[in-house]
Structures are given as structure tokens and as C-alpha cells.
Amino acid sequence: MWLPNRSRTAVSQARPISGHTALLGVLGDPVRHSLSPAMHNAALAELGLDWIYLALPAAPAELTGVVQGLEAMGCRGLSVTIPHKQAVAALCRELTPLAERIGAVNTLIPLAEGGWRGTNTDAEGFCAPLRAAGDDAWQGTTAVVLGCGGSARAVVAGLVDLGCGSIQVAGRDPERLATFVADCAAWAPQLQPLTWGAAKPDLEQALSEAALVVNTTPVGMRSTSDATAAERCPLSPAQLDRLTPGSTVYDLIYTPRPTRLLQEASARGCRSQDGLEMLVQQGAAALRLWSGRDDVPVATMRQALLEQLP
Ligand SMILES: NC(=O)c1ccc[n+]([C@@H]2O[C@H](COP(=O)([O-])OP(=O)(O)OC[C@H]3O[C@@H](n4cnc5c(N)ncnc54)[C@H](OP(=O)(O)O)[C@@H]3O)[C@@H](O)[C@H]2O)c1
């Protein structure tokens, strides 16, 4: 029988829950809006695993108890989102070197001897669509990163891994920017701070030389509280005009698709990449770690997310 996509996914997710069904989930506060349950449950159904993935709200004051309780219950794995990505590191028995570099954990894997291993799959998710251009495609290139918050660290780790020769990170707060660059200096020596302000020509110059520009700010993201938020662009018209045709502009945002930044960049002859594939690929990387399986159904995860987006 033919079913439209939405119905097909709904049917494949209607699997029996028994006393043996194991638990996975995403910890956050708030977390009810998360798209991860739809993405992971579609994949678990296709893999034939008797596991279920839930949104698990945890207030910061409750985080320790929740993480310990989930371990005691035999939880098979956890995703971690805002605001717990830093705090949860202290609750891990082991951290991967990547999680230590990034200073944030987005995935918890249960250890056989008890406790959790914390890692971060955001850098791998970020790099995945860029690697499609070839393993050496970004070697020695110049990248500009807009914003120096939580996701920017994973982006910089990814850019280092891709072999970028110069990474300039633009931040609007000079102190936060200096701290960001100092924190990454040991493993990202090619990282330079870039002051971001109306009267500063540095960013325009950097944009004109960049093969890759990455937006890690939330500017341009659709907001339920601000109807005009999706109309915004992190770059001014003068800055947009400095983008080089043929360069790649990557926006971590995935609602709306495309963002205003990506529309403007495409109109200037740039290649564009939004954040949906990063979301899919960081989830696929986490599911590989939890399940030990390489045949994670990435296309099903992508489709499940697309069905959730407006
Ligand atoms: N696709 C994915 O899988 C994925 C993964 C992670 C994040 N994201 C998206 O990435 C975005 C950022 O997330 P995050 O966790 O990194 O947030 P964050 O930690 O709050 O960092 C945001 C950064 O953007 C800067 N910023 C905010 N508003 C700005 C403005 N009007 N002008 C200039 N800079 C501004 C902030 O500067 P200040 O410090 O000065 O405020 C900060 O440096 C969000 O839209 C999120 O949804 C997507």
C-alpha cells in the first residue's frame, strides 16, 4: 500500500514497547522542542533495535541526580543539549580528547565498568558536508567564523581537522573573543581574533579572502517570540558584497531553510550549506557510538527531521 512520507515514518515508528525496551534520550532544559527523538526513533526502528529515545527535561540543579539515575537504570546513551553541555563534563568518568578540546560534551556513552564516557560529535557533524568536496579540499584554506559561543568551538575543532591554514573568528565582545582564542590556542595555532563592529574594516577584508564563512550566531534563526527574526542577516550589505563568488557560506541554522544569509550569499555566487546536515550527522555519529553499528540509516534520520521542519 502506498503511504505518503509522513505516514510511512509514523508506521515504522509504531513499534512495540516491552519490559525489555532500553532507553536513550536527550537531556536539556528546555528540551520538549527537540527534533532528536523523531530522528533517532526513526533510525532505531529501521535498525530493528528494541530501544526508545525520549526528550528528558533536566533542570540544572537536577542534572547530577538525573545523569546518575539514568546510569543506574541501564540507559544506553544520552545526547546533551543547552544548557548542560559544559556542566555534564564534570559528571563523566572519562572524556575524549575532542570533548576536552571543545570544552563541551554532547554525547554520553555508558562504560562497561560504570559511569559515562563524554564526547562531542558536533565537530564531526559540522565537517561531514564539507568533506563531500574531498578529503583535502579545505587543506590550507582561509576560513572566517562568525560568533565565538558554544558551537564555534566545535566548528573551530572541525576546521583544524579539515586542515584550514587560517581561521579568523569574529566576535562582538572583545573580552569573550580573547578568551575564546586563548582557550583554543594550544590546538588551533592558526586561529586569529577578528573584531566585529561597524567601524572595523578587518571583517570585510577577511571575508574577501575567505574560502569558507561559517555563521555560528543565532542571527537569522526563526523565533517563536519574534516574527521578524528570520529576516535578519549577521552580515551587513557591505560585508556581503565582499564575499567571493565560488566561496562557501555555511550557516549552522536550519530554520528557516534557507536563512537570509544563505539567500544573500547565493545571490552573490557563493555555495551555501545550512545546518540540517550537521544535525543529522552529529546524531548519526552518536548512534554509531551507542549501537556499535556502522549501518546507521542516515537517509532515514534526515527524512525524519525534514518531516518535522515547518
Ligand atoms: N546545526 C546544528 O547541528 C547546530 C548545532 C549547534 C548550534 N546550532 C545553531 O548555532 C547557533 C548558535 O548556537 P550556540 O550554541 O553556539 O549559541 P551561543 O553559545 O549562545 O553562541 C552564540 C554566539 O553568537 C553571538 N551572537 C549572538 N547574537 C549576536 C548578534 N546579534 N551579533 C553578533 N553576534 C551575536 C554570541 O555573542 P555574545 O557572546 O556576545 O552574546 C555568541 O558568540 C544557534 O542558532 C543554534 O541553533 C546548530
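This is a predicted model: local features need pLDDT of at least 70, side-chain atom pairs count only at pLDDT 80 or more; totals for chains, interfaces and linings use all residues.
Across the interface of domain 1 and domain 2, the rule finds 1 salt bridge. Which residues form a salt bridge with the closest N and O atoms 3.8 Å apart? They are Arg-288 and Glu-124.

Step back to the layout of the chain.

How much area do domain 1 and domain 2 bury between them? The figure is about 1,200 Å². Carbon and sulfur atoms carry 66% of that area. On the domain 1 side, Arg-101, Ile-102 and Met-278 lose the most area to domain 2. Together these three residues make up 51% of what that side buries.

Polar contacts cross the boundary too. Between domain 1 and domain 2, 2 residue pairs are in polar contact, with both residues at pLDDT 80 or more.

Now look beyond the interface. By the salt-bridge rule, the count comes to 14. One of them pairs Arg-131 with Asp-161, with the closest N and O atoms 2.8 Å apart. Arg-131 lies in helix H5, residues 122–131, and Asp-161 lies in helix H6, residues 150–162. The pair therefore ties together parts that are 30 residues apart in sequence. Are the two partners buried or exposed? Arg-131 is partly exposed, with a relative accessible area of 31%. Asp-161 counts as exposed, at 54% relative accessibility.

Another salt bridge joins the side chains of Arg-176 and Asp-173, at 3.6 Å from N to O. Arg-176 counts as exposed because its relative accessibility is 53%, and the cut-off for exposed is over 50%. Asp-173 is partly exposed, with a relative accessible area of 25%.

Next, follow Arg-268. Its side chain meets that of Asp-241 in a salt bridge, 2.9 Å from N to O. Arg-268 sits in the loop between helix H10 (260–267) and strand S12 (271–273). Asp-241 sits in the loop between helix H9 (237–240) and strand S11 (248–251). The pair therefore ties together parts that are 27 residues apart in sequence. Arg-268 is partly exposed, with a relative accessible area of 23%. Asp-241 counts as exposed, at 53% relative accessibility.

Turn to Gln-190. Where is it placed? Gln-190 is in the loop between helix H7 (174–184) and strand S9 (191–195). Why does Gln-190 count as buried? Its relative accessibility is 18%, and buried means under 20%. A polar atom of the Gln-190 side chain lies 3.1 Å from the backbone oxygen of Cys-164. Leaving aside neighbours within four places in sequence, Gln-190 is in contact with Val-160, Cys-164, Gly-165, Ser-166 and Ile-167.

Finally, check the backbone at two prolines. A cis peptide bond joins Asp-29 and Pro-30, with omega about 5 degrees. Pro-30 is found in the loop between strand S1 (22–28) and helix H2 (36–47). The peptide bond from Thr-255 to Pro-256 is also cis, with omega near 5 degrees. Pro-256 lies in the loop between S11 and H10.

Key. Residues are numbered from 1 along each chain as its sequence is written. Side-chain values use heavy atoms; hydrogens and water are left out. Buried area is the accessible area (1.4 Å probe) that two parts lose on being put together, summed over both. A salt bridge is a side-chain nitrogen of Lys or Arg within 4 Å of a carboxyl oxygen of Asp or Glu. A polar contact is a pair of N or O atoms within 3.5 Å; within protein, one must be able to donate a hydrogen and the other to accept it, and residues adjacent in sequence count only if both atoms are side-chain atoms. Helices (H or I, at least four residues) and strands (E, at least two) are DSSP runs, numbered from the N terminus. Buried means under 20% relative accessible area, exposed over 50%, partly exposed in between (1.4 Å probe, protein chains only). Contact means heavy atoms within 4.5 Å.
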